[in-house]
Amino acid sequence: MNDALIDVSYLAGPRFGETPALFEKIAQDIGEQGYSINPNALPPELAQSLYQQLQQMPQAEFDSAGIGRQVDHMLNSFVRTDEICWIDGSSETGARWLEWTSALRRFLNARLLLGLFSFESHYAHYAPGDFYKRHFDAFKGESNRVLSLVIYLNPGWLPDDSGELVIYRDELDMEGTKVTPSFGTLVAFLSEEFPHEVLPAARDRYSIAGWYRLNTSHGQKVDPPR
Ligand code: OGA
Ligand code: MN
């Protein structure tokens, strides 16, 4: 059967009438090249509420980002220097964000049979000069993170502000593709396939990074959401 004949647009839900075209483009890009870059992608009202939530958040809500255990923290600060705050559904905005990312999850599952099961995400704040060195979000066979999602919440970002995300095609690619972290831009890529990095910015840089995961629960052991 031809996939293109199956209409799955209803999966996007009625609240985000403008998203099926975007979901379709993301699915097509992921299927063809494994990543998708979309300026002005996020529904404007959702982007606005996320931005407002971010602005109202006390700085104390952010924790310095770590990789693995606390004891690795000194080493980690060579890799990444940003601060993060996990998002849950306890606020109206958080709930709407999870609803939207869930609609995208169901759409991608229907289109690409990815078997995405859960989603975890956090706000990230990069102060001027902060960075996240070249890394993978998941290592083959070691993680159940399948698809990475990043959105940006920086109005009026200028070329001189730097702070681009650089996505590399593979381990050998040293040039990469640069993404400007402009308000409403959405990037998705297969977590195990694309090394990427965040270049230092000249101003505060805000993003949400999230990961769709497979379900690896078995027996009595329940897979935690993060
Ligand atoms: C990450 C990440 C990219 C960005 O948090 O793993 O790669 O542009 N973030 O914020
Ligand atoms: Mn990453």
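Figure 1. Ile 167 stands opposite His 196 in S10. Strand S7 (residues 165-167) and S10 are antiparallel and are joined by three bridges; strands are DSSP runs of E with at least two residues, helices are runs of H or I with at least four, and both are numbered from the N terminus. The open sheet has the order S5-S10-S7-S8, with antiparallel pairing, where two strands pair if DSSP finds at least two bridges between them. S5 and strand S8 (177-179) are the edge strands, each pairing on one side only. From one strand to the next, the twist averages 15°; axes are lines fitted to C-alpha atoms, for helices over the stretch in contact, and angles run from 0 to 180 degrees between N-to-C directions. This is a predicted model in which local features need pLDDT of at least 70 and side-chain atom pairs count only at pLDDT 80 or more, while totals for chains, interfaces and linings use all residues. Residues are numbered from 1 along each chain as its sequence is written, chains are lettered from A and ligands numbered from 1 in the order in which they are written, and side-chain values use heavy atoms, with hydrogens and water left out.

Figure 2. An N or O atom in the side chain of Asp 137 is 3.2 Å from an oxygen atom of ligand 1. For His 196, a polar side-chain atom lies 3.0 Å from an oxygen atom of the ligand, and for Ser 207 an N or O atom of the side chain is 3.1 Å from a ligand oxygen atom. Ligand 1 taken alone exposes 290 Å², and the protein buries 98% of that. Accessible areas come from the Shrake-Rupley method with a 1.4 Å probe; for residues, only the protein chains shown count as cover. A polar contact is a pair of N or O atoms within 3.5 Å; within protein, one must be able to donate a hydrogen and the other to accept it, and residues adjacent in sequence count only if both atoms are side-chain atoms.

Figure 3. Seven strands form an open sheet in the order S1-S9-S6-S11-S4-S3-S2, with antiparallel pairing. Strand S1 (35-38) and strand S2 (63-64) stand at the edges with a single partner strand each, so one side of each has no neighbour in the sheet. S2 and strand S3 (residues 83-86) run antiparallel and are joined by two bridges; Glu 83 in S3 is the bridge partner of Ser 64. Strands of a sheet pair through backbone hydrogen bonds, either parallel or antiparallel.

**Figure 4. Strand S9 between S1 and S6.** S1 is joined to S9 by four bridges, and the two run antiparallel. S6 and S9 also pair in the antiparallel sense, over five bridges. Leu 186 in S9 has Asn 38 opposite, and Ile 151 likewise stands opposite Leu 186. Strand S9 (residues 186-190) is largely enclosed by the rest of the structure, because four of its five residues are buried; buried means under 20% relative accessible area, exposed over 50% and partly exposed in between (1.4 Å probe, protein chains only).

Figure 5. His 122 is found in strand S4 (residues 118-126) and counts as buried, at 3% relative accessibility. Leaving aside residues up to four places away in sequence, His 122 touches Arg 80, Ile 84, Cys 85, Trp 86, Ile 87, Ser 207, Ile 208, Ala 209 and Trp 211; contact means heavy atoms within 4.5 Å. Helix H2 (residues 44-56) lies across S4, strand S6 (145-152) and strand S11 (205-213), and runs at about 55° to S4.

**Figure 6. Thr 216 and the chain as a whole.** Thr 216 lies in the segment after S11 and is partly exposed, with a relative accessible area of 33%. Thr 216 and Asn 144 are 72 residues apart in sequence, and their C-alpha atoms are 7.1 Å apart in space. The protein chain has four helices and 11 strands, and buried residues make up 48% of its 226 residues.
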